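This briefing concerns a predicted model.

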Amino acid sequence: MDIHLYLMCYRTEALVASQLEAEEFGSYMAVGTRKKTFGNVVFFEIDPTFRSTEMHLEQVEAKCKPHPDGTPRRSKYMSLYRVMERVPLSAYGKLHLTTRDGRVLSLDGRDFDEDFSSEGPFMYAELCPLTSRVVSHLNPKAFTQRITDPATTVHVPRIFFADTQVELDKDGRLASYLPYANPSHIEDCLREVEELPNKLGKTVDRNPPLQAFYRTIATGFYLGDSTGIRFYPYPDVATLDAEHHTWWRSASMG
Amino acid sequence: MPIAHIFDPHVGPSSSFSLFAVADGIDSAARALPAWWHVTWICAVIALVSAMGFYRWIMAQSEGNERMQEIAQYVRDGAYAYLRRQYRVVAIFFVVVSALLAVMAFGLHVQHPLVPFAFLTGGFFSGLAGFFGMKTATSASARTAQGASHSLDQGLKIAFRAGSVMGLTVVGLAMLDISLWFLYLYKFHHVLFGGEPMSLETITVVMLCFGMGASSQALFARVGGGIYTKAADVGADLVGKVEAGIPEDDPRNPATIADNVGDNVGDVAGMGADLYESYAGSILATMALGVAAVSFGGVPEGFDNAFSAQLAFLSAPMVLASLGILLSLAGIFLVTTKEGASMKELMWALNKGIWGSSALVVVVAMVILPMLLPASIAWGVVAAVTIGLVVGLIIGYGTEYYTSAEYKPTKGIADQAVSGTGPLIIDGIAAGLMSAWIPITAVCIGMMVSFGMCDGFDNLAMGLYGVGMASVGMLSTLGITLATDAYGPIADNAGGNAEMAGLPKEVRERTDALDSLGNTTAAVGKGFAIGSAALTSLALLAAYVEEVRVGIHREAAAVYQVEEGAGYTAVDLGFGKYGLYVAGADGSHRENYTISTLRSNAEHAVEVLVDGKPVDMIINHLGGSVRQATDDPLISQLVATTPAGLFDFMDYYQVTLMNPKVLVGIFAGVLMVFVFGAMTMKAVGRAAMAMVMEVRRQFREMPGIMEGTTTPDYARCVAISTAGAQREMIRPSLLAVLAPVLVGLLLGVAGVMGLLVGGLCSGFAMAVFMANAGGAWDNAKKLIETGQHGGKGSDAHKSAVVGDTVGDPFKDTTGPSLNILIKLMNMVSIVFAGLVVKFAPEISSFLGMGQ
């Protein structure tokens, strides 16, 4: 049985070895073998050949072995805490989005070095290692560079975040279909960022509830640092409904 | 018991009332079946044959792939399992009640001997209609999904024709039951068992009693089905959706099949039994009122004798309802649509059928009723029928206004969801409360106008007949209105089947469109059910008084004695009631003029009519003594010539707001609605809890369910919901049956009248409130799920889900059950009237509460 490496990065970080395929692993992590756990799971598939003594990956073959009854090892935690920053960007494979009931959508990633035509402001859901929701003038590329810039006093080595929707209607109100709690506060934050050009960003919520999270995703997910960015584009709703209907129905539940 | 001899007093100018017995006046040998009777059975058979044709057509359609068939089979198995168990419980109830009725009929002589059998047939046919409806519905869901994979029109056609099977089966079986009972009682009973032919009064009153069978079956179907469907729904939602995050109709949810079964047992079988009872009840009550109208109001102009007048008034509701079946059938064929139809076009497709049938009923009424009734009366009745139809449509569309997400009230509730659960609940309750104004106003105006159009302000009995005809008019198109109603759950199940079977997007979009339309039509159907319950109840109230009269008759008939050589013999029954025996010329006697109920005193005398002519007699109610009229100078002025009418009975039984028994009865009626409501809602809570525990258990003990590698134990969830529903429906159902009897025995006829009025007024308003508030909460949630106010998963959605959970038992359990509670209490009162008439005065006297 092949050993896969998965990097969980939805608010908590862990590098897990598993003999399950990504879809099975996502389902297992979301719902368990007995229905005791619930919750969305987001994880990267890591190049299985990647090795790091720092993360004890030289022991992966020894530790991630089938059970005595021949069933595959579902999860073997290899490393916890500050894992994401220590895996080189080149080792990151697909991003898997798992719903609360274990449906998995896999997104392909690509290198990203583009400036958006859209001017913003943008709203980002920081997923790892930070967990705030922020609004900012900065486009995803600039935002990534800014927050991972070692030259600034406040930075992180690497950031994983999602670009989330902030459509406004003609009255300047947040579009009614967006499931954010306290939309008027988001409108205030957006207005403040717009009115103060020197203010690069504003925290909307330090620990926002991620309800209906997958319904809020705009362009996609970004993983990056000062050396580069991996971008995982997110399909539009029509594509999700048509081509990933089961997942989308599940994702729409919350 | 003292025997009172009748003297032959003088007669003079009338100053008071007299009694009511009207003889048949027709020689039994000459009694031929009227030609119009053939219309009734022919139309009933056409309805049943058409239903069979639709059923075969549906069964000839493809049920789709193996997965679709498998899912449909799960639902079918669950539905049959439910029905089997339900019918077992109901059978026990029917055996026990039939035995009680038999004791009343053969032991206590307070009920007609045929009533136990009428009761059984009413229940049997109602159950049969529910069975056929559900059999078709559960066979049609996968076929509708498969039809939708070809075209929207094909999906609509299959779902709607499956609903039509329910509609046509209900009206066909109800009309066949009425028609056959009439045939037997009118033509054959006296031939088989000897004696005089039954009077039309007796025939209608006996037939009315089969309504109790239908009502009882309906109550069990509605309460049981309502508890079942909501227990399954809540279980599926709370654990499946909220805890596990599983979407609607996901095959991994153990309760999802039970949920789909629930749609069928609640909205198809329950609704069918409910409207079967309304349909039959309105026709039977109006028939009884038509006959009583002649008895109480005299022979109208245009008739040769009382019998022909009674027969004509009796025929009108039967013939109109029969022809309504054919017109409904015509309307069913009008329902088609084109591919890619919008919601408006789909709605128009159904409205074409409903409005077309309604318009045709008015036209047919304008042709037929003047043929059956004298022109002076017929046009008033035509107006009443038209008003009934209009009131039905107003209530239906009023319901749609207050529950559809396209209109302000439901949008307002969705708006409140943004502020939280509390405001959403408050706004939903407010919208539900306010929504009562349309049906109540429509029923009030409809009642007054139909009453007035039939000359009710001059002739009370005829006015009541007009109200009865309005309710018959409202339900004359039941064949198609019920089809639109039963279509909803079929389309809903088709959507579930398409989802579970993973059919392509365009199929799901089509079934979603059909389902969405079904929600609206279901709301309209519920409006019809509630409105008809209110209109029919006035007719049933009047029919109750008629049954009281007959009850006194039976009481007297059971005890009178014949004294050798005496022309008249009166028996003091106590409490101002006298049995009077009048010998016939050939030594025989006729029961139907053997009663006197009303008191004579210094200013009033009672009088019995025989063959429409007054019998010269006066009975003093005090102590059973008799005095010769000529001994008292006042007596010469006390000749009553007017038959005792409804008001005389009201007077005799002191049915006045100043009588505390009436007020206590009204309070009891109101209390019944509240207690019954509480019991049914608590029942849902308990049954749902069992389902929640089971779904959790399956997730816990069957780990492969969530992975999709193990099939959940659907049957266990179905069994739990079924057991819960059967267990929980017994207490509220018993309450509904026992309360009118107990109130009657304790508070007498006055108390029963109060109970029925209190139950009717509060029950009608409460039913509208609950059905509409629940519908509005449900659609507010659906509106949010379209993306408004944050859509699924948002805080607003969470609030809306709570509102929907609260509203579920409102709209699908308690609200619809209240319709039947109202009618069942009426029916029980009617059937047990003889018992109350005989024993209530004695109990009341024993308790020191007067008579």
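In this predicted model, contact between the two chains involves 27 residues of chain A and 30 residues of chain B. About 2,300 Å² is buried between chain A and chain B, and carbon and sulfur atoms account for 48% of that area.

**Salt bridges between the chains**
- Three salt bridges are counted between chain A and chain B.
- A salt bridge joins the side chains of Arg249(A) and Glu499(B), with an N to O distance of 3.1 Å.

**Nonpolar cores**
- The largest nonpolar core comprises 280 residues, and Phe182(B), Tyr279(B) and Tyr544(B) have the most contacts inside it.
- The element that gives the most to this core is helix H20 of chain B (residues 714-785), with 31 residues.
- Another core, of 42 residues, lies apart from the largest one; Leu15(A), Leu89(A), Tyr92(A) and Leu95(A) are among its members.
- Beyond its neighbours within four places in sequence, Phe182(B) is in contact with residues including Leu33(B), Pro34(B), Trp36(B), Trp37(B), Ile203(B) and Met318(B).

**Helix H22 of chain B**
- Helix H22 of chain B (residues 833-846) has 14 residues and spans 20 Å from its first C-alpha to its last, close to the 20 Å expected at 1.5 Å a residue.
- H22(B) has a kink of about 40° at Phe839(B), shortly before the proline Pro841(B).
- Pro841(B) is itself one of the buried residues of H22(B), which also include Leu835(B), Val836(B), Val837(B), Lys838(B) and Ser844(B).
- Gly848(B), which follows H22(B), has a positive phi near 70°.

Notes. Residues are numbered from 1 along each chain as its sequence is written. Chains are lettered from A and ligands numbered from 1 in the order in which they are written. This is a predicted model: local features need pLDDT of at least 70, side-chain atom pairs count only at pLDDT 80 or more; totals for chains, interfaces and linings use all residues. Side-chain values use heavy atoms; hydrogens and water are left out. A nonpolar core is a set of buried Ala, Val, Leu, Ile, Met, Phe, Trp, Tyr and Cys residues joined through side-chain atoms within 4.5 Å. Buried means under 20% relative accessible area, exposed over 50%, partly exposed in between (1.4 Å probe, protein chains only). Helices (H or I, at least four residues) and strands (E, at least two) are DSSP runs, numbered from the N terminus. Contact means heavy atoms within 4.5 Å. The expected span of a helix is 1.5 Å times one less than its number of residues. The bend at a residue is the angle between axes fitted to the seven residues ending there and the seven starting there. Buried area is the accessible area (1.4 Å probe) that two parts lose on being put together, summed over both. A salt bridge is a side-chain nitrogen of Lys or Arg within 4 Å of a carboxyl oxygen of Asp or Glu.
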